[in-house]
Amino acid sequence: MRGLGAALACLALGGCATIGKELSTQAYDQRYTGEIQPMGGVHCTDSMPATLVTRAADLSVVFTPNDGALVIRGSMSRDGQVLARLNTAPPNRPPYLLSLEGRVEKAGFSGVYQTPQCAWKVVLYPAVPLPHHYVDPKNALGIPGN
């Protein structure tokens with residue numbers, strides 16, 4: 001019985017290790033952030049924040065206008081050309097296509113984000129990494145002491 005328990009534990013741990021490895025390889029390579037500016041259209045909002053994330057392993061990109069709930073996925077060519085699209089129309093309705101086209105270069109990303117009602121000029125720069133905060137092991141929650 002003991003051997004069966006050990007075998008099941010190894011199988012479970014091996015499965016967890018595989019899942020952990022798969023998740024850890026899903027990291028992005030570069031993140032670009034900034035404000036996008038309206039270029040014209042019917043119902044344009046003011047400038048808004050946006051983020052573009054690139055992953056070189058599979059040449060994929062993810063764009064989030066207004067850093068909100070919309071996630072526009074796409075691809076990137078080896079020379080940095082980006083194309084991402086999302087159709088947000090419900091079934092049996094005409095398409096409502098959101099698109100991002102542009103180019104990634106060393107200095108950042110530039111392109112155009114377009115909806116049926118507006119177009120925005122997109123200029124994003126490499127994001128500054130978040131600072132590391134070190135915590136005293138005796139005060140792991142960071143609660144101020146007396």
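Colleague: Before we go on, what should I know about the model and the way values are taken from it?

Modeller: This is a predicted model, in which local features need pLDDT of at least 70 and side-chain atom pairs count only at pLDDT 80 or more, while totals for chains, interfaces and linings use all residues. Residues are numbered from 1 along each chain as its sequence is written, and side-chain values use heavy atoms, with hydrogens and water left out.

Colleague: What is the mean pLDDT of the protein, and which residues stay under 50?

Modeller: pLDDT is the predictor's confidence in each residue, on a scale from 0 to 100. The mean for the protein is 80, and 69% of the residues reach 70 or more. Residues 1-25 stay under 50, and for them the model has 1 contact beyond four places in sequence.

Colleague: How many helices and strands does the secondary structure come to?

Modeller: Helices (H or I, at least four residues) and strands (E, at least two) are DSSP runs, numbered from the N terminus. Here there are 1 helix and 8 strands, and from the N terminus on the order is α-β-β-β-β-β-β-β-β.

Colleague: In which order does the closed barrel run?

Modeller: Strands count as paired if DSSP finds at least two bridges between them. The 8 strands of the closed barrel run 1-2-3-4-5-6-7-8, with antiparallel pairing. From one strand to the next, the twist averages 25°; for such angles, axes are lines fitted to C-alpha atoms (for helices over the stretch in contact), and values run from 0 to 180 degrees between N-to-C directions.

Colleague: Let's walk along some of those pairs. How many bridges join strand 2 to strand 3?

Modeller: Strand 2 (residues 48-55) and strand 3 (residues 60-65) run antiparallel and share 6 bridges. Alanine 50 stands opposite proline 65, and threonine 54 has valine 61 as its bridge partner. The two strands form a hairpin with 4 residues between them, where leucine 59 in the turn has a positive phi of about 55°.

Colleague: And what joins strand 3 to strand 4?

Modeller: There are 4 bridges, again between antiparallel strands. Valine 61 faces glycine 74, and serine 60 faces serine 75. This hairpin has 6 residues between its strands, and asparagine 66 in the turn has a positive phi of about 60°. Next, strand 4 and strand 5 are joined by 3 bridges, with glycine 74 opposite alanine 84. Their hairpin has 4 residues between the strands, and glycine 80 in the turn has a positive phi of about 100°.

Colleague: Which residues of the largest nonpolar core touch the most other members?

Modeller: In soluble globular proteins, nonpolar side chains tend to be buried together. A nonpolar core is a set of buried Ala, Val, Leu, Ile, Met, Phe, Trp, Tyr and Cys residues joined through side-chain atoms within 4.5 Å. Of the 21 residues in the largest one, Leu52, Phe63, Leu100, Tyr113 and Leu124 touch the most other members. Strand 8 gives the most to this core, with 4 residues. Leaving aside neighbours within four places in sequence, leucine 100 has contacts that include Leu52, Phe63, Val82, Phe109 and Tyr113.

Key: Contact = heavy atoms within 4.5 Å. Buried < 20%, exposed > 50% of the residue type's maximum accessible area, 1.4 Å probe, protein only.
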